[in-house]
Amino acid sequence: MSASDILVIGSTGKTGRRVVQALRERGASVRPAGRSADVRFDWDDDHTWEPALTGARAAYIVDRQDQPGEWDAEAQIRALAKRAVDCGVERLVLLQARTTGLVGGKNLSAGERGVRESGAQWTVLRPNWFFQNFDEGVLLDAVRAGELRLPAGDGREPFVDAGDVAEVAAAALLEDGHDGQVYELSGARALTLAEAAEEISRAAGRTVVYTPVAHEDYVAELVSYDVSADYARFVADLVGQIRDGLNSEPTDTVERVLGRPARDFTEFARQAAAAGAWAV
Ligand SMILES: NC(=O)c1ccc[n+]([C@@H]2O[C@H](COP(=O)([O-])OP(=O)(O)OC[C@H]3O[C@@H](n4cnc5c(N)ncnc54)[C@H](OP(=O)(O)O)[C@@H]3O)[C@@H](O)[C@H]2O)c1
């Protein structure tokens with residue numbers, strides 16, 4: 001397969017941005033797409049799909065099922081995968097999440113079947129929680145405020161670097177040998193939220209604590225901040241997977257695919273602190 005014209009959906013996001021960079025570093029011709037990109041792609045407007053897909057040889061697909069509101073991941077990803085194949089796209093790499101069972105009533109692997117059955121070469125990525133939730137994502141404000149209040153109990157999570165996920169995605173998009181693979185991607189060690197907060201405190205030079213809260217109290221807390229009840233439950237259930245240790249076993253997939261160890265949380269925290277992510 002030629003390495004030209006790789007469509008990256010979600011190119012402004014935590015992995016998509018890094019996939020664009022990893023592909024460019026490897027000399028590939030990249031087509032970053034999104035709601036605000038030059039190449040428009042909006043899951044909620046399927047008129048944008050065909051122009052984005054046409055002429056691309058491979059596509060990195062980030063869905064939007066972790067956002068508030070109804071969205072039929074299975075139907076949407078199936079429809080996109082079919083459209084991609086009709087447009088001549090030969091290889092699809094789909095980002096999902098390493099979760100177990102239902103999360104807030106949703107199966108977060110629901111999109112996989114549509115890609116597997118599309119007729120294209122496919123690879124599915126199922127990462128654990130990203131390091132970058134702490135310095136650019138959903139936990140950033142809490143870290144800056146000095147307290148992570150979450151219903152994660154003493155559960156452990158093998159947080160993974162979004163950059164490692166992106167490098168695995170780039171390998172799957174550019175190289176042979178990844179067709180038909182489901183890659184569960186984690187860091188090399190599982191941390192409790194208390195340990196993550198300690199690492200961040202040490203790196204940032206100020207105290208960040210973790211306070212475990214009860215599941216229902218957390219839902220009520222989110223609702224008090226005007227989050228819809230459905231979405232609050234979804235987020236609480238997602239964090240509850242950490243508490244219940246459902247995906248806590250580290251995998252060696254990053255090292256197997258990239259031929260080097262997964263990036264460590266300590267190094268991530270040091271670099272994020274040095275970049276000023278947690279300065280207040
Ligand atoms: N965060 C984690 O720890 C984690 C772990 C495992 C798996 N995941 C999975 O990764 C995916 C993204 O999560 P993330 O944390 O990386 O989010 P993120 O950084 O906010 O990225 C989401 C991306 O999706 C794009 N997007 C949102 N709505 C869209 C729409 N209607 N049409 C087209 N593009 C849209 C956003 O682009 P614009 O807003 O610029 O349009 C952005 O580029 C989710 O499926 C999640 O389940 C996340």
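Me: In which strand is the place of L95?
Reply: In this predicted model, helices (H or I, at least four residues) and strands (E, at least two) are DSSP runs, numbered from the N terminus. By that assignment, the strand that holds L95 covers residues 91-95 and is β5.

Me: What pLDDT do local features need in this model?
Reply: Residues are numbered from 1 along each chain as its sequence is written, and side-chain values use heavy atoms, with hydrogens and water left out. Because the model is predicted, totals for chains, interfaces and linings use all residues, whereas side-chain atom pairs count only at pLDDT 80 or more and local features need pLDDT of at least 70.

Me: Why does L95 count as buried?
Reply: Buried means under 20% relative accessible area, exposed over 50%, and partly exposed in between, with a 1.4 Å probe and protein chains only. Contact means heavy atoms within 4.5 Å, and L95, leaving out residues up to four places away in sequence, touches T15, Y60, I61, V62, D63, L125, P127 and V165. The C-alpha atoms of L95 and I61 are 6.1 Å apart, although the two residues are 34 places apart in sequence. L95 counts as buried because its relative accessible area is 9%.

Me: Which backbone oxygen lies 2.7 Å from a polar side-chain atom of T48?
Reply: T48 sits in the loop between β3 (39-40) and α2 (49-53), and is buried, at a relative accessible area of 7%. Beyond four places in sequence, T48 touches R40, F41 and D42. A polar contact is a pair of N or O atoms within 3.5 Å; within protein, one must be able to donate a hydrogen and the other to accept it, and residues adjacent in sequence count only if both atoms are side-chain atoms. The backbone oxygen that lies 2.7 Å from the T48 side chain belongs to D45.

Me: How many residues surround the ligand?
Reply: A residue is near a molecule if one of its heavy atoms lies within 4 Å of it. The closest residues to the ligand are T12, K14, R35, D63 and N133. The shell divides into eight nonpolar, seven polar and seven charged residues, where Ala, Val, Leu, Ile, Met, Phe, Trp, Tyr, Cys and Pro count as nonpolar, Asp, Glu, Lys and Arg as charged, and the others, Gly among them, as polar. The number of residues that surround the ligand is 22.

Me: What share of the area that the ligand exposes when taken alone does the protein bury?
Reply: Oxygen atoms of the ligand lie 3.2 Å from a backbone N or O atom of G10 and 3.4 Å from a polar side-chain atom of D66. A polar backbone atom of F130 is 2.8 Å from an oxygen atom of the ligand. Taken alone, the ligand exposes 880 Å², and the share of this that the protein buries is 85%.

Me: Is Q132 buried or exposed?
Reply: Q132 lies in the loop between β6 and α5. Leaving out residues up to four places away in sequence, Q132 touches K14, R18, G137, V160, D161, A162, G163, R263 and F268. Because its relative accessibility is 2%, Q132 counts as buried.

Me: How far apart in space are the C-alpha atoms of D135 and E216?
Reply: D135 is in the loop between β6 (121-127) and α5 (140-145), and at 17% relative accessibility it counts as buried. Its contacts beyond four places in sequence are L140, F268, A272, A277 and W278. D135 and E216 are 81 residues apart in sequence, and their C-alpha atoms are separated by 26 Å.

Me: Which residue just after α9 takes a positive phi?
Reply: Helix α9 (residues 229-243) reaches 20 Å from its first C-alpha to its last, close to the 21 Å expected. Its buried residues include F234, L238 and I242, and their cover includes β7 (147-150), β8 (156-157), α7 (193-204) and α8 (215-224). The residue just after α9 with a positive phi, of about 60°, is G245.

Notes: Accessible areas come from the Shrake-Rupley method with a 1.4 Å probe; for residues, only the protein chains shown count as cover. The expected span of a helix is 1.5 Å times one less than its number of residues.
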